[in-house]
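Thank you all for coming.

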Amino acid sequence: MEEEALLSIGTFARRARLSHKALRLYDRHGLLPPDHVDPATGYRYYREGRLAAARLIVRLRGLDMPLADVGAVLAAPAPEAARLVAAYWDGVERRHAAQRELAAHLRIHLLGDEGSPDMYEIQEREVPQQLVLTEQRHITPEELPDWIPAALGRLAPVAEAHGGLFGHPFVVYHGDVNEDGDGPVELCVPVDPARAGQFPVPSRTEPARTEAYTRLTKAQIVYPQILSAYDAVYAWAQRESRTTTAAPREVYFADWSQISPADPACDIAVPLAD
């Protein structure tokens, strides 16, 4: 290989808008190894055709994309690379939305405004008696986001095989889930009451009830900021002299994978005495 056919590291770095330090970093991570290293001097040389990859790395790092993700994009064909970039940025937007809600939650907490009537709109509704398939477990806050869709993935097919879902799935918190408590938590999937006794998984009857509830976006559901919504519902019940009669629950009415962080996704609901 003739050195004249290659660009020196200085020229390549200048044209790629990368520092020598960055080039060495990307070499160590296998992202942009030199095409030739002089065995006597250790000087690095790059083919001019590598500039496109180098400039793509600059742009991807401009998104604060981790090096492992950058490597996956570089190694993928164009359509898959585009999908990876879109998926990465979708994750960034979800994290930013969650962090925005966390900042709001912390502001409420520090000001002592938990349950403020200005933060959440509280409404009432009547819910009829329901037959529900159930799965219950003790759980940590970190495990909860994975367990809910996994449990739903086990119960929903059973419901579909026996007449379908007869309402929105909901999660009942029979105990606190936080740094000091692990529930238990129960996922409930409403099913056809006429098929009682036909299901191969546990089921029970959920009594008819009046609920106080507030609606949250996907971004507001993240722990611990979701706790502000629970505080608001209980504070409303106290102001209205209403008695809560059963464990609080989260009612999931949207396809989680298809909605944006700003879309309505869940109701925080608490049963009330009539």
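What follows is a description of this structure, with the cut-offs stated as they come up.

Please keep in mind that this is a predicted model, in which local features need pLDDT of at least 70 and side-chain atom pairs count only at pLDDT 80 or more, while totals for chains, interfaces and linings use all residues. Residues are numbered from 1 along each chain as its sequence is written, and side-chain values use heavy atoms, with hydrogens and water left out.

The protein chain holds 7 helices and 11 strands, where helices (H or I, at least four residues) and strands (E, at least two) are DSSP runs numbered from the N terminus. Its radius of gyration is 27 Å, well over the 19 Å that the globule rule gives for 274 residues, so the chain is more spread out than a compact globule; the radius is taken over C-alpha atoms, and the rule is 2.2 Å times the number of residues to the power 0.38. Along the principal axes, the C-alpha trace spans about 85 × 50 × 30 Å.

Of the 274 residues, 42% are buried, meaning under 20% relative accessible area, with exposed being over 50% and partly exposed in between (1.4 Å probe, protein chains only). Among contacts with a separation of 6 or more, 69% are between residues 24 or more positions apart, a contact being heavy atoms within 4.5 Å.

Let me turn to the strands, where two count as paired if DSSP finds at least two bridges between them. Strand 7 (residues 185–191) pairs in the antiparallel sense with strand 6 over 4 bridges, and 7 bridges join strand 7 to strand 5, again antiparallel. Cysteine 188 of strand 7 stands opposite phenylalanine 170, and cysteine 188 is also the bridge partner of threonine 134.

On strand 6 (residues 170–173), Phe170 and Val172 point one way and Val171 and Tyr173 the other way, and all are buried. Strand 6 is also joined by 3 bridges to strand 10 (residues 249–252), running antiparallel, and there valine 172 has arginine 249 as its bridge partner.

Strand 5 (residues 130–137) is mostly covered, with 6 of its 8 residues buried. Strand 5 also pairs with strand 8 (residues 203–206), antiparallel and over 4 bridges, with leucine 131 opposite threonine 205.

There is also an open sheet of 3 strands in the order 1-3-2, with antiparallel pairing. Strand 1 (7–8) and strand 2 (36–37) stand at its edges, each with a single partner strand, so one side of each is left without a neighbour in the sheet. Strand 2 meets strand 3 (residues 44–46) over 2 bridges, and valine 37 stands opposite arginine 44.

Leaving aside neighbours within four places in sequence, leucine 31 is in contact with Tyr26, Ile57, Leu67, Val70, Gly71 and Leu74. The C-alpha atoms of leucine 31 and alanine 54, which are 23 residues apart along the chain, are separated by 8.9 Å.
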